[in-house]
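Please consult the sequence and the model shown below while reading.

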Amino acid sequence: MANVVVVGAQWGDEGKGKIVDWLSTAADVVVRFQGGHNAGHTLVIDGKVFKLALLPSGIVRPGKLSVIGNGVVLDPHHLLAEIDKLRQQGVEITPDNLKIAENVSLILALHRELDAHRESATDTGVKIGTTKRGIGPAYEDKVGRRAIRLTDLAEPDYLDEKIERLLSHHDPLRRGLGLEPLSHAAIRDELMSVADKVLPYMAVTFDLLDTARRDGKRILFEGAQGALLDVDHGTYPFVTSSNTVAGAAATGSGLGPKAIGYVLGIAKAYTTRVGGGPFPTELHDEIGQLIGDKGHEYGVNTGRRRRCGWFDAVLVRQTVKTSGIDGIALTKLDILDGFDEIKICVGYKLDGKDIAYLPAGQAAQARVEPVYETFPGWEGATGGARSWADLPAQAIKYVRYIEELIGAPVALLSTSPERDDTILVQNPFQD
Ligand code: IMO
Ligand code: MG
């Protein structure tokens, strides 16, 4: 019985929420291990829609323990707002079913402001197209060893020193950017105003997870974003500020790598991305438009329209390697229903040469040209299919071809947002 890590195999928005929810019924514990409320996970349960950005998807299921691990950056104000919103939808959230790591780093208003300022600046650097949630600046302060962490709220006597350390970095930075100076007292107030509400959820999560593991409980690690947004392995600098690959589940939860049994990558049957950065198979024509319309490709969080393109097997093959993916959950195949022909990117050309991977350099990434194979579409619908027998033969061929190209089997096939519209090939928990 293996613990399972779910990671995005593209640029995020692969439909991780549904798959995590589907798997969570078999799990005892669901853990978020990286990212913050830049994630947008939609769950549809009995027709009821839940939108989560920060809380582990297990929270909507009674009897599951949800854990926010140390690798996450936590905006305490957003946390409380999300808890409130879910409570209004009838979800029970208490310190018994939600635990947050003591050593989680906090996102403050100053991080959001800096993120937004950089994104609006026209003269400096590259525009990443971030979610403006303060994710990048918060991780910078964590790595810069000046972050305020959840546990610091429990020690108000030592907080002033920490705020000073933070300001000794941010004051000169803000002066240089022409931003208003920050008030020490305002930051203290910002933190202390939430302390009593957030601290009850604080726990020694590494230990609690270790105990769960030793007791034979099933742990589901819920990744956010996707491997191509990984700060090391993604399309740098157009990435998020955390490691999104499966290996991050170990460091971001405080469990060693052996706690991870099965790595399930989630991939859409086509490709999307939000924000800036290279996207070799992007379609700027009416087909791209159609995929976006049929697939409702708008951000859960920011409402931005997603860029759309054909399935890029080169990229997913690469993320199968960087995340050690054992099997793929292929989502949104139904969006390709009714197309006369479907293209799959099987390789790239870079300056006239064939290459089989996405090079690391920013200029080279922008220059690669996709090499396509054209595949006949299928008649009939895959939407709502619950077994292979329900699928058109040509659609099965498309799936089989993807498996061959990416070097990993399709373990699950999702054919609509509804949880029961899922074809199971191999149960990751019973690997
Ligand atoms: P889920 O979990 C898609 C993208 C942003 C931007 C880049 C950096 O729903 O798959 P950030 O705010 O993280 O500093 O922005 O990363 N991005 C996502 N794209 N899905 C997500 O999460 C994303 N989270 C961040 O659009 O390009
Ligand atoms: Mg998203």
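Lys-132 belongs to the loop that runs between α3 (109–120) and α4 (135–143); helices (H or I, at least four residues) and strands (E, at least two) are DSSP runs, numbered from the N terminus. The model is predicted, so local features need pLDDT of at least 70 and side-chain atom pairs count only at pLDDT 80 or more, while totals for chains, interfaces and linings use all residues. Residues are numbered from 1 along each chain as its sequence is written, chains are lettered from A and ligands numbered from 1 in the order in which they are written, and side-chain values use heavy atoms, with hydrogens and water left out.

**Backbone features in loops**

Lys-132 has a phi near 60°, a positive value in a residue other than glycine. Because its relative accessibility is 44%, Lys-132 counts as partly exposed; buried means under 20% relative accessible area, exposed over 50%, and partly exposed in between (1.4 Å probe, protein chains only). Lys-332, in the loop between β15 (327–331) and β16 (341–350), likewise has a positive phi near 60°. With 23% relative accessibility, Lys-332 counts as partly exposed. A cis peptide bond, with omega near 5°, leads from Tyr-236 to Pro-237, and Pro-237 is found in the loop between β10 (219–222) and α8 (248–251).

The table gives polar contacts, meaning pairs of N or O atoms within 3.5 Å.

| Residue | Atom of the residue | Distance to an oxygen atom of ligand 1 |
|---|---|---|
| Asp-13 | backbone N or O | 2.8 Å |
| Gly-40 | polar backbone atom | 2.9 Å |
| Arg-304 | polar side-chain atom | 2.9 Å |

Taken alone, ligand 1 exposes 550 Å², and the protein buries 97% of that; accessible areas come from the Shrake-Rupley method with a 1.4 Å probe.

Technical notes. A polar contact is a pair of N or O atoms within 3.5 Å; within protein, one must be able to donate a hydrogen and the other to accept it, and residues adjacent in sequence count only if both atoms are side-chain atoms.
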